Amino acid sequence: MKRRSVTMTDGLTADKVTRSDGCPTSTSLPHPRESIRNCALSMDQIPDLHSPMSPISESPSSPAYSTVTRAHATPAAPSATALPASPVTRRSSEPQLCPGSAPKPPAESDKGPYASPSHTLCKASPSPSLSSYSDPDSGHYCQLQPPVRGSREWAAAEASSRQARSYGERLKELSENGTLEADRGRAFIAPIVEATSSFNPATFQSLLIPKDNRPLEVGLLRKVKELLAEVDARTLARHVTKVDCLVARILGVTKEMQTLMGVRWGMELLTLPHGRQLRLDLLERFHTMSIMLAVDILGCTGSAEERAALLHKTIQLAAELRGTMGNMFSFAAVMGALDMAQIARLEQTWVTLRQRHTEGAILYEKKLKPFLKSLNEGKEGPPLSNTTFPHVLPLITLLECESAPAEGPEPWGSTEHGVEVVLAHLEAARTVAHHGGLYHTNAEVKLQGFQARPELLEVFSTEFQMRLLWGSQGASSNQARRYEKFDKVLTALSHKLEPAVRSSEL
């Protein structure tokens, strides 16, 4: 401060100070000494220096004080520029130099050389994991500074948000404004929270099952086996995919259903709180499908060659669901049947499969099983352009962990990579909810011109499978009890085909 007071009175007059319009530019300084004097004056123009603690303000009648006051009263030129920082004109403990002009608007001050680090990242690109379905020109919620209202970027963001808005965004707009911008003049209809399952085996009208039937009737099992053997694996995959898409509300969604759901597609409803009943229905369908396919294999009491042929047909069905149809839901269900402990223990059957159907055994071991493992761990997935039903089983199991039956260790059960797997599936849930319309389009394209057989559609319907496995009375009983009983049935069938070798016989 002593150095500044000396600089103030050394060779300066009141006329020089009043004629100055602020700090001159570095190109107009004739001499370094003159630059030091003028910049010292600019420092004294800072209001903080005229506080009661400032040594300059101790004598208000001094020429320096009155001169600086007159300089503040003089209107500043708008063309004044900030003096670059220099070790000669500024110390680390002194305040930053600034021009005497009026303060700039916030939009301009962010471009200055001393803007905060957060302002320099305002053009940061969106997250790579979301770049596939976000508009790079319309801003992103991860950016530190949103586009300025009225700018081109702001207009693009508004247009993009009007075109595609999620259910949560529309609810937020409703809570803030009382009505939706796109629905002004129309009454808001709250979505219906479903409390009962869409499956009702008691009232199911069947072409194959009588009104009252017992569990696992021999004649009915034989009829189902004949129907599955009549057609090839690709035709079976198409029937399965059509029923899956109807249950998951990928196909057959009317305007009334969209109004009741509050969203357009079932894949978005799947991720929302009021979609719990849909998640439970899909869990029921997944496990019922796996059990029925296991019964189809274990119910064959013929030779090992016949069982190996059924295994090969089931592996082909899984391959068609994965590749041709892009149906990851039933692909996982079929693979779940093949991976059951009651089927995996049939050593003679698997040896015969490797001998008689080598390509099927290689396909199962080298391609299908590793692919399913990658799906469960959230590492790999099919291309969106070929997907009709994404792999939502891990997400459903996460959201309904209390209701999902435990069949073994979950992919996120390990302490080493458990958190990464959970985060991967939660991130994939955003993609699933966002691309509901794409799954609908893909399913329509793959099923275009397909002539379904009513008997096969019925065989792959969940109500038929529940009646086939548990009978007309047991189909409506407790789910956990049904699964527990049938696990014992499958174990008995497996040991009947290939009895366990006792240790005394070895």
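Reader: Which residue forms a salt bridge with Glu377, the closest N and O atoms being 3.0 Å apart?

Author: This is a predicted model, and the contacts discussed here are computed from it. A salt bridge requires a side-chain nitrogen of Lys or Arg within 4 Å of a carboxyl oxygen of Asp or Glu. Glu377 supplies the oxygen, and at 3.0 Å the partner that meets this condition is Lys379.

Reader: Is Lys379 buried or exposed?

Author: A residue counts as exposed when its relative accessible area is over 50%. Lys379 has a relative accessible area of 64%, so this residue is exposed.

Reader: How far apart are the closest N and O atoms in the salt bridge of Lys373 with Glu377?

Author: Glu377 itself is buried, at 18% relative accessibility. Glu377 also forms a salt bridge with Lys373, and there the closest N and O atoms are apart by 2.7 Å.

Reader: How many salt bridges does a search of the whole structure find?

Author: Side chains of opposite charge can pair when their charged atoms come close. Searching the whole structure for such salt bridges gives a total of 13.

Reader: How many residues apart in sequence are the parts that the pair of Arg276 and Glu400 ties together?

Author: Arg276 and Glu400 form a salt bridge whose closest N and O atoms are 3.0 Å apart. Arg276 belongs to helix α12, while Glu400 is in the loop between α18 and α19, so the parts tied together are apart in sequence by 124 residues.

Reader: Which of the two, Arg276 or Glu400, is buried?

Author: Buried means under 20% relative accessible area. Arg276 has 40% relative accessibility and counts as partly exposed. With a relative accessible area of 5%, the buried residue is Glu400.

Reader: What kind of aromatic pair do Phe286 and Phe329 form?

Author: The search of the whole structure finds six aromatic pairs. In the pair of Phe286 and Phe329, the ring centres are 5.9 Å apart and the planes are at 65°. Planes over 60 degrees apart receive a name of their own, and therefore this pair is edge-to-face.

Reader: Which helices hold Phe286 and Phe329, and which residue joins them in one aromatic cluster?

Author: Phe286 lies in helix α12 and Phe329 in helix α14, so their pair ties together parts 43 residues apart in sequence. Phe286 is buried at 6% relative accessibility, and Phe329 is buried at 3%.

Reader: Over the ring of which residue does the charged end of Arg322 sit?

Author: A charge over a ring is another kind of contact to look for. The charged end of Arg322 is 4.2 Å from the centre of a ring, and that ring belongs to Phe371.

Reader: What accessible area do Val419, Leu423 and Leu426 have together?

Author: Val419 is located in helix α19 and is exposed, with a relative accessible area of 58%. Val419, Leu423 and Leu426 form a nonpolar patch on the surface, and their accessible area together is about 290 Å².

Definitions and conventions: Residues numbered from 1 in each chain as written. Predicted model: local features only at pLDDT ≥ 70, side-chain atom pairs only at ≥ 80, totals over all residues. Heavy atoms only, no water. Patch = residues over 30% accessible without salt bridge, like charges linked within 9 Å, V, L, I, M, F, W, Y side chains within 5 Å. Areas by Shrake-Rupley, 256 points an atom, 1.4 Å probe, with all protein chains shown as cover. Helix = DSSP H or I, 4+ residues; strand = E, 2+ residues; numbered from the N terminus. Buried < 20%, exposed > 50% of the residue type's maximum accessible area, 1.4 Å probe, protein only. Phe/Tyr/Trp six-rings, centres within 6.5 Å; stacked < 30°, edge-to-face > 60°. Lys NZ or Arg CZ within 6 Å of the ring centre and 35° of its normal.
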